[in-house]
Structures are given as C-alpha cells and as structure tokens.
Amino acid sequence: MSTDPPLLAVEGLSLDFRTRDGVVRALDEVSFTVRRGETVGIVGETGSGKSVTAFAIMGILAPAARVRAGRVLFGGLDLLAASEAQRLEYRGRELSMIFQNPRTALNPIRTVGRQIADVVLRHANLPRARIRDRVLETLARVQIPDPERRYQAYPFELSGGMCQRVMIALALACAPSLLIADEPTTGLDVTTQAEILDLLAELAAQSRTATLLITHDLGLVAERCDRLVVMHAGHVVESAPTRDLFAAPRHPYTARLIAATPRPRAKLGDLLPIPGSAPDLRRELPPCRYLARCERARGTCDEEPLPRTRVSSDHLVACRFPR
Amino acid sequence: MTFAKLAGRRLALALPGLVGVVVVTFLLNRALPGDPAAFFAGPAATPQAIAEIRIKLGLDRSLPQQFILYVRDLARGDLGKSLTTGQSVRADLLARLPASLELTLCSLALALAVALPLGILAATRPGSWVDHAARVVTTAGVSLPIFFTGLLLVYVFYYLLGWAPAPLGRLDAFTSPPPPVIGFYLVDSALAGDGVAFRASLHQLVLPAVTLGLFAMAPIARMTRAAMLGVLASDFVRTARAAGLAPRTVLFTYALRNALLPVVTLLGMVFSFLLGANVLVEKVFAWPGVGSYALEALIASDYAPVQGFVLTMASLYVLLNLAIDILYGLIDARVRIEG
Amino acid sequence: MSRRLRQVRYVVGENPVTLAAFSLFLAIVVLALAGPWIAPFDPLLSDTSRALQPPSRRHWFGTDQIGRDVLSRILVATRLDLAIALSAVAISFGLGSLAGACAGFFGGWTDRIVTRVTDTIMAFPLFVLAMAIVAALGNTLANIVIATAIINLPFYARMARAEANVRREMGFVEAARLAGNGQVGVLARHVFPNCLPPMMVQASLNLGWAILNAASLSFIGLGVRPPTPEWGIMVADGAAFIVSGEWWIALFPGLALMLAVFCFNLLGDGLRDLIDPRRRT
Amino acid sequence: MAKVLRILGAALVAVAGLAGSARAQGRADTLLVVTELGPNSMDIHGVGTNRPAYQASWNLYDRLMTYGVKTLPNGSQMYDYTVLKPELAESWQVGADAITFRLRPDARFHDGTPVTARDVKWSFDRAVTVGGFPTFQMKAGSLEKPDQFEIVNDQTFRVRLLRKDKLTMPDLAVPVPIIINSELAKKHATSSDPWAMEWLKNNVAGGGAYRLEAWRPGQETIYARFDEWKSGPLPKIKRVLVREVPSSGNRRALLERGDADISFDLPPKDFAELAKAGKLTVISHPVENAFAYVGMNVKNPPFASLKVRQAVAAIIPYEKIFATAVYGRGVLLQGNPIASLTFGHEMLPAPFKTDLARAKTLMAEAGFPGGFETTLSFDQGFATINEPMAVLVQESLAQIGIRATIEKIPGANWRNMLLKKEMPIFLNAFGGWLNYPEYFFFWNFHGQNAVFNTSSYQNPEMDKLIDAARFETDKARYAELVRGFTKLMVSDVPRVPIYQPFLDIAMQKNVKGYQYWFHRQLDYRQLSKE
C-alpha cells in the first residue's frame, strides 16, 4: 500500500466511563490506522467498544467518559489534545460520521434540506444564495430522486433508506477526508443495505474519502473493506488485511467469529456459536479479556502484559499463543 | 390537519368534561349554605318578604326544574344576575376577565423568562451546582404559599421600601384606563400610545405577576430540564454535534425547539393551575379579576357568579388546549401533516 | 442488597439536596408526633395581658392577638397539617390508582366512566373546585380532606391507567393469565404493584401541594374551625397585623408552611431519582 | 411574547424611579376613599341593596329635609336628630292631620329638568309600594299609602298623616325617601317593571349634590360635583373616588403612605394604633342606639333556664373582651341594655360583674353542676372582632362546665340562621337608625318576635311597657316606662350587652368637615381638603 503517513492513527487509546454502578473500563490500548482512500472495517460483538472508539475519534463522547491515555492523530493533529474549538472546525469538514437507525438520527421537526443547509452554512463559506444549490447537488449525489421536492420534506415522510441517504449527504456535504459509518445499514432491509454500502463505496472512490465502517456483521465487511480491525471487550484483538484475516485468523476470537458468520456455501449446521458472553468491564479483568471464553487458554495467559505482536508488516494480534 | 379539524377534535374531546362541569357546578352551587333570598331580603326582612324574593329568584321550584331553566338560560348565554354586584354575570365576567387574563399571561411570561433558561442551564450541566441551585430555587418558588408571598411582597416593596405602587388594582387612582381594545391595559395603552397609562399599569402588574409567576416556575423549569436532558441524549443531537454545528445552534435550534414540545403541553396545565391560584393573588392585590369576583360571590353564597366563573374557566381551558395544539403544530410539523 | 445500597448512596451522595430534604422530612414527622409534648405553652390558652408580644426568650415566636404562644401553635399545627395532607393524598392515591388501574386493565365501560370523571375534575381550575366543594359541604376537617383528595384524584387515575394499559400486554401478564390466575388476581398481584413506583413520586409531590391547598382554603375563610391551630389560618389571621408591625404572627407559620412544602417537593425529586433511574429528570 | 418579556424586563428597572409621579396632579380637589365593599346598586329602593349603596344614594339624590349639625365637646361634629333643616323643601307647615312642603323653585335634576311635586309623589309612591326594606322603613314613620301624598301645585307637596306619630318627620330625612326624576325614570319603565327598577339599578335619575361619573361594580365608584345644586351650600370637593380594597392591611398601608385620603372599616386595633401614632386624624363616635351582645335562645333548653343565663352573664370576661377584641374602641356596657347618647343610658350602669363563684352556684341551682355541650356561633363577616371575642367567651364558659364549639357562619347564611331562631348561644350586634330606647326595644324585645328579637323573648309585661312608651308624650311618665322595660330586660337577661361599638374613621390631616351620621355612611357634601 502507499507509504505516505496514515490519515488517521489511533494509538494506545484507553478510556473509562464513571457510571452509577462503578467505573467501566471501556477501551484499553486501542490502536489502528486508516490511510487516505482506504476502507477499514471495525468488527466485534455488541458492547466490544466499536462505537465508543468512533465517538472518541469524533470527540462526541458522553460527559461521563474519561480518556485515560492514548492519542488520535488525524493528519498530524492529536484530536484528543486539541481544543474543543479546533475539534469543532474538523468535525463535519475534515471528518464526519453517519449513524444507525437513520430516522431517529435526523431532527424530526426540521426539513431535510434545512438540516443539510445548516452544515453547509457552518463549514463551506458560501454566500447564502449558493447554499441551496449546494444542498440540491449533494442530495442528487446521494441518488435521492426529485431533490427539489425532497428539500422540503421532513424525516418522518421518508423511508429508512432515504433517511440514510440524507444522513450521508449531511456527512459528505463538505467533502471530508474521513467518513466514519457506525452500523449504517443495521435495521434496513437487505436490498437497501446493499444500495447504501455501494453508494458509500462509490462516493469514497470518487473523492478518495477514507471510510471507517463499524459493524457486528463480518459477512458485510468481507468484500467491502481493505483491512479489518477485530475488537473484543475494549481490546483490538487482531487487525489485518481482509484477505489475510479470513485466510488465516491468528486470534482464537477472530477464528470463532468467522466460524459463526454465514458464508455462501455454509449450511446452518456448520455455524458454531461463540461460547460464553462478553466480560463485565466493571470488574477486575485479566490482561487478556478473552481468557474466560478462550479454548486455547494456558496458565501463563493471565500474566501481565498482554503481548501485542506484529505477525507480519500489516498484521497485528494480541495473544500470547497466536495460531 | 386544517385548523377547523383540529378545533373540532379538541372540542369533541372536551365536550364530556364540559357537560360534567355544567352538572357539577349546578349541584355544588345549590348545596352552598345560606339562602340568598334571606340574604337579599335585607336586615329588617319578615319571613313573608323573604318568601317573596325566593319566588322572584325562582328558588322555590324543584331542582330538576331549576336545572332545566338553568341550561336553557345557559344556551341563551344568560349566566344569570349577580346579587352582590347587581349586574348580569355575563357583563361582570366580560368586564373582569381581561384583568385576570392579563395578570395570568404576564405571570406566565415572567415564569417562562426565568424558568426556561434555568431549565436549560440545569440540563446542560446535570449534577452541577447550577442544576441543584435551579432545582432548589424553583422548588422554593412553588412551595411558597401564594397568599403569604403576596402579603410579604406588598409589605416589603410597597409599605417599607415604597418601590412598588399601592396595591390598588390595575391602575393607581389618578390614571384613567386606556381606551379598551382587547381589555389588556398593557396592550391597549401601547396601541393608544398612552405612555403614562402603559407605565402605570405595568407598575401595578409587577408585584402580582411575580407572586403568581413564582408559583409557575417549578413545573416549567423541571419539565424543561427533563425534556432538554432527553433531547440532548437523542440521536439527532448527536448527529448535529458530529456534523460540527456550532454549540449554540445545537442547543437552541436543534435541542431546545424539540424540548419545547412537552413544555408547551405542560403550559396548558400550568395556565389552568394559575387561574385557580389567581383567586388568592386577586384577593391580596385588590385585582378586579374574575377570581376575586367568584370568591366574594362564593362567600356571599351568591350562586350565579360562581357558576358563571367556573363555566368560563372550563371553556377557557378548552380554548387554551386548542391554542396549545396550534402552537404545538407550529413547532412540530408531524402534527400538522400526519394529523 | 449491597448493589441497592450503593445505588442509594450514589443518588443521595450525588445530590445532597435530597439528603437535606429527607432529614427535614424526618424532623417534620417527629414534630408532628411529639408536637403537643414539646410545645412550651398550651396552644389554646389565651392570655390577654401578654397579647401581641414580639419574639422573646419566653416566647420564641412571640404571641398572637389574644396572647397565645405562636411557637406552640405552630408545633401543634404540624400534626394537623400533616394529617390533612397525608389523609388527602392517601385517599386520592388509593382511590385514584385503583380506579385508574381497573380502567387501564379492564377497559370498556370502567374505562369510559373513569376517564369521564377525571376529565370533569380536570376541567375545573383545581383550587376553584376545592373552594366550591368546601363551601358547599361546609368547612369541617373531613370536607377539607375530601376536597383536597378529589382534586388530586385525576393525577393518580391517569398515571395508573397509563401504566396498567402498558403492562396489560406485557409478557409476564400474559404468562400469569396463562398460569390460571383470574383477571382480578392478575391485576392485583402483577399489574398493580408495578404501577406503584412512579405513583410514589407523584404522592410526595402532592403532599406538598395538599398542605398548600388546605392553607389556601383557610386563607379565604373556608379552613379549619377556630381555635384549632393550623398554619394556613394562622397566616390568614396574622395577615391583618403585618402592616401594623406585628409581623411575627403571620411570618413564622408562613415559613413553617413553606419549609414543609419545600421538603416534600424536594423529597419527590429525590424519590424519583431513586426509583426511576430511567426517567432521571 | 418576546415583546412582553422585553417590557417586563424594562419594568423592573423603571419601578424604582417612578413610584409616585402619577399621584401629584389632580389631588387637591379630589377625594380618594378606600373601602372594603362597594355599592351593589344605585337604587336604594332596589332588592338586596347593600349598606355601601346607601352612601351612593345619600350623595346622588336629594331628600325633602335633612338633619341639623351639632358639635360635641371633643370638637367632632355629628348630625342633630332633634333639628330638621331644609334640603329640597324650602319650608313646611306641620298641621294636625297633614304636612305641607314648599319646594325650591330653582331646584334642577342632573339633566337640567326642574324638580316638581310630581317627582316627589312618584318617588314616595314608589318607596311605599316596592316592598322589602324601603317600604318597611317608610312604615316606621307611619308613611304607608300612596294616597297620603298629594300634589298641590308644582312647588307644593302635602303628606296626609294616618296617625299622630312623632317618627313621621324624622323618617322623611332618612336615606329612603329620595326624590327621583320621574320623567327620566318613566322613559325606562316597562309594563312588567313600572317603577324602572332595572334601569335605576345601574343609572341615576337624581338631583343630589354629586353626579355618578363612573361605576365599575366591585372595583370603584366615581362621583363628580353637580355645580347647579341648589338644595344646600355647594360642596368643596369636585371629584370623589371610592376604591374597593378588600385587604384591611392594604387599606391601612394606603392611608399611612398618603395614597388614600379617608377610610372607615379598619379593624379596631388599627384605629387604636393610628390614633396613638397621630400621623392621621382619627375621629371616633359611639354608634347610636347600638350594642354588641351575647344572645341566648330563651325558648329551648338549656338557655331557657333563667339561672343558666344569669350564670353566663356572670362569667363573661367583659374587660378582657373590651381590651383584646375591641381594643377599647367603644363604650363598655357590661349588661346595660341602653347605649350611650340614648335616653335612659344612666339608669342601670354596668349591672353585671365577672364573678366565677356566683356563676358556679347559679349553674348548680339550675341543675347543671356538670355543665353541658353547646355551639357558640357568630357571623364570619365580622370575624375580625367576633373571632377573638368568641374564643374568650368559649374559654370563660368552659370554667363553668359549658363546653362550647365555635361555629363560624358565612355572612349570607347568618340572617337565615337568625330567622330560624334556633342558635342556642351566639354573638351578634344591632343598631337602630332612630335614636329612641323604645324603638330599639320594639325591634329586639317586643313579643311580635321580629327578626331582630334573636332570643325569641316574649313577655307580655315587656310588650305593655314598650307600646306605652312609644306613644307617651309626658316626660316623667316616659322616663318611668323606660326604666321599667330596662330593669325587666336586665333581670330576664335574654341577652348580655357587652359594649357599644365606635364608628371609627381615619383620614389625612388635610381632610376637614367630617360629620357622623346615623346611617354610618360618608356624606361628601360637608368635606373639604386644604
């Protein structure tokens, strides 16, 4: 792959949440990179910290969150250390995000056109007259039919797929260099899912936008992502180019994950459920948080620190005994 | 949904309540102790004179007959005659309603002007000292017994400090009321460009409006805080933040406007609450509103005004809810379009 | 149990206000119980030679127009005012929730009647209705409680109806029904208990409001009969003396009234946090 | 909405500066009266006309005659019920069987039409036929039938006498016999309302010293001087504003801060303190022929027993009540049934004394050693004084075993309860307009059991004395009769008179010319402001 520095580099990100029932250690030493124009997938079960990572990058964490350590370098600037004002400039212009269930992710009492116009007005210094055209252009780019009429529509008047397209328009209105998509297609029917993902890929290709696709559906990312990052209970257990990961998963959890994902030729019987459930992050945990569920666990697995070995130039695994 | 349909739906919804109100007021009134005939036969009345008056007032007929008479008069808009002021109840209520409405609206405006910002502040800094302070201040407001605060404010600001004007009602003795347009002295005097009357009536309004307003602050502040907390945690605010919109836009254009929806619905409840509490403020500030009018009539066991007052309040409540629906529709298109 | 305790400590710790309100509430309950014994003077004993004395070491809150000790009357009045509020809220809580739950659960005719009644009550400005009821039935203690209860009824009825309506379709209700429990059994054992938590919050908020209501009735002359001490009446009687300089006759009962209502309202907020973390408003 | 918010914001700033600006102009010749209750009608003959409406009628309409003025030793002025002065009537001759009045030729009504005998006849016919209180009051002076009133010519009006009644002449100068502009009134009369009661309730067809400028029932009444008034010296005050301010605390504050000129109905304690403070002129005058009393029902047990009544009379804390409930604003009677300034007051001064021992023995003799339960009722309308008094009476009754619960009865229901005459023991007060002892006893203790005989006390011997006194002209004989029925009342004690109330009035120092009138209302015509 090209050798220029990565667009986004998350280094050793550790983060806790102070909640009613005690402190939750949501992320621990999360690191990965995304290059310009590259599509990286983050996969893992629900509650593995995928979305928290995304929120941390965007800087829209809930007030109860406390970043313990780590850096988020975006084009050389550490977003975590940057002032809120600086981050405000970046959000929506340099990096933007789209979310799950689009219908509730749009302002119910404000027309779709106005919401996109708000973003354009904020970031692109265009004279007011030109803003309406830019919005119509963006709507057209995300393949929304009859943008003139849709401009006046309210979110509840549009279908799920249509809302998601509006969200994408919102995110790409100011041509950011990184787009984070947090479970963009969950809850949509299969055909719309495919359309949305194709649209994302096409737009990314057109303007070399880097995409960080977050999903729990391994099958979905198989053909769409260049590289994958597998997360479990706040840890990045393995990250590698998609083909290498599927060909030779080095971490037991990744192997299990692949085994549990329906493949074109697999029959129902072949699918193996992953034993146990995600650990409770409020309690003291061994360095390797997969220990309780790992069938290859050995005595020394609970020794400090969790080794994060680089198995090849672009393949990392966080396990004492990788396959 | 067109206005007419909205009004129709709201009226249909309120009809059963209204019918209930008519029946209940009629029964409650007839149970009032004291016999108006004796009261109005005068001190030196002989039993025979009292019987005369009883017939004149139609009190000798059976209850159902009186009820039918009552409903027939009601249909004609005749609310009967008040024996305490000697006028027709309808004329009295029409003359005095603007006074009560102006006071209630001003106190509501005051409460909103204070409670909304407090609610927003508390929601944007949950758990902080601002949050607690807002909660304590507004709860103190609603815990103050109105009649007590009224007296205290008059004593301190009028009697001791002399800042506030004499609690003489809507205008001090030497300012003549502005030409009536809608009966609100503030609006009428502004329309007539009469600066003196405007300032004088504003002057008179401050203390009673503060007394009543204190009472409305807590529910509004609490609801704003709750609604804002809810909306700030919602998905579309997260999207707005992620899109890097300016904090002020996120807070006001996106969050507050949505949070206003439950607050607007609450206003209906609060307004009717204030109308009830209005009675006490009017008694303390000699405010010539419908509240004090009904109170005096109630104590003099004078049926007609009490009935007229309660019916007016009930129908006002229906109109109020209609206005709230419309306001709600203005903010939230879903109501307007989905219907 | 420790998790619950930690939760309570978290809520109470997080907002000291609720803690203060809770201790104030305990103080008021103690006062209500021990009132007559710890009152320095007989609240009804008049002593014309010592009328209208300002607060002094002997009479901490001064004396009223016929020489009765204001402090003693406030202490003894605590029991009466608390009793009025508690009984009124108890009646409206009991009746309201029962009627509401039945309406929500059974629907049909019960529902229509209950909604019609609550609509009628809600159509009145609440205080006006209370005023009319007490004036009509006479200002005995019972009538004041009944009037206060009636105007609070709709809050509970509506809440219970909504809760029962929601819970009627829930899984565990279906399961209970399948397990052979009769309709009423299901309602009583399964649906009704679940409606209670939010209503508890409403109850404590209403307590404050009920005291205010009783006091306001006294202010317009429909309150408790003399010479029984009650905060509202004491403020009403004291009102005429403020301008002439005897401010203490009205001020102290007014403050007591405010403190009690203040405490109940804050307690309501605190309870809401404890019981309904979801609806953390 | 934003507009109101901005304005209210500005108001809070403006409030400090502008407290008194509007008050300056127009104060010199305008009088601001503050009162608890205003008139509910402009027609004194109307049904249910309240007491403040007498004040309106007294100043808006003329009567044939009015009373003279006398100055009391303390400098305050009051009406003189022995002297009748001309008002609308210039002069009159009192014959054996008729009185002939000559009307002022130049007298005009407010609308300019001249006043003639026809108007007087129409007005008097109206007074005696509308029924209720006005007709009752006319009958008290033997003015009963329209054919008693004759029009001799435009300027001459004759009243034929049914019987020789010394109350006829004084009764023509009380508020009821007003002279109405009959032409104007008849324009608004209808077949069902021949006397134009409906119209005259809200409008004035009079010729009095003041016209009605504006009337907002329940808020304020504004009078403007009628400059062409001929029936007496032209009043000095041009405009009178009567504002209704329900809270007595506010009324006192208004007086003390100089925002109001004059006010009656303040609680006695306020008057006592205002008088002591000396910043305002406080004039007090015993209300003639009136007293407050503890009444007992002589028909039904337990108060039917004389000994029980005597025990009550011996236990009531007269001085305590007079000090703390009334603040000394009155004349302590301690059982004397004739008030001060009325003939016969000195005959039986303070017959009852508070004596616990005697009261206890009386209760034992009456057969109630252990006492009994009862209810002590009073009119909530006068709670300011009645309530503290009731608490003191309740406390003293308890000392002799009478356990009374206090019953506060709303004003409207009070007359009803009096009519029923079932209340065992109660507080009440009565005042007669005509200052004669037999007039008081006729209403309160005569066997005819009028509404005011609240104890339903019937004693033929008492009736004989009262009826004789009413028509007795010989001074000595009359005095004997008065002493007779007074002593009888004290021995039978159907009620225990406690004190004669003052009519207190407080006004700014620059208000002069106030006169006390039997109807206890304000006469604007003599007032002035320096």
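A residue is regarded as buried if 20 or more other C-beta atoms lie within 10 Å of its own. By this criterion, six of the eight residues of helix 15 of chain D (residues 437–444) are buried in the predicted model, and the helix is therefore largely enclosed by the rest of the structure. The buried positions are P437(D), E438(D), F440(D), F441(D), F442(D) and N444(D). The elements that cover these residues include strand 19 (425–431), helix 16 (460–471) and helix 17 (475–492) of chain D.

Chain D as a whole contains 17 helices and 23 strands. Its C-alpha trace extends over about 75 × 70 × 50 Å along the principal axes. The radius of gyration of chain D is 25 Å, which agrees with the value near 24 Å that a compact globule of 530 residues would have. Buried residues make up 52% of the 530 residues of the chain. Among the contacts in chain D with a separation of 6 or more, 69% are formed by residues 24 or more positions apart.

Chain A and chain D, by contrast, do not touch, and 22 Å separates their nearest C-alpha atoms.

The contact between chain C and chain B was examined from the side of chain C. This contact involves 41 residues from chain C and 46 residues from chain B. On the side of chain C that touches chain B, the elements that give two or more residues are helix 4 (108–123), helix 5 (126–137), helix 8 (183–219), helix 9 (231–242) and helix 10 (248–275) of chain C. The residues on this side comprise 28 nonpolar, nine polar and four charged.

Within chain B, one residue was considered individually. R199(B) is located in helix 9 of that chain, which covers residues 195–232. R199(B) has 19 C-beta neighbours inside 10 Å and therefore counts as partly exposed; the cut-off for a buried residue is 20 or more. The C-alpha atoms of R199(B) and L171(B) are 9.7 Å apart in space, while the two residues are 28 residues apart in sequence.

Conventions. Residues are numbered from 1 along each chain as its sequence is written. Chains are lettered from A and ligands numbered from 1 in the order in which they are written. This is a predicted model: local features need pLDDT of at least 70, side-chain atom pairs count only at pLDDT 80 or more; totals for chains, interfaces and linings use all residues. Helices (H or I, at least four residues) and strands (E, at least two) are DSSP runs, numbered from the N terminus. A residue is buried if 20 or more other C-beta atoms lie within 10 Å of its own, exposed if 12 or fewer, and partly exposed in between; C-beta atoms are placed from the backbone. The radius of gyration is taken over C-alpha atoms; the globule rule is 2.2 Å times the number of residues to the power 0.38. Two residues are in contact if their C-beta atoms, placed from the backbone, lie within 7 Å. Ala, Val, Leu, Ile, Met, Phe, Trp, Tyr, Cys and Pro count as nonpolar, Asp, Glu, Lys and Arg as charged, and the others, Gly among them, as polar.
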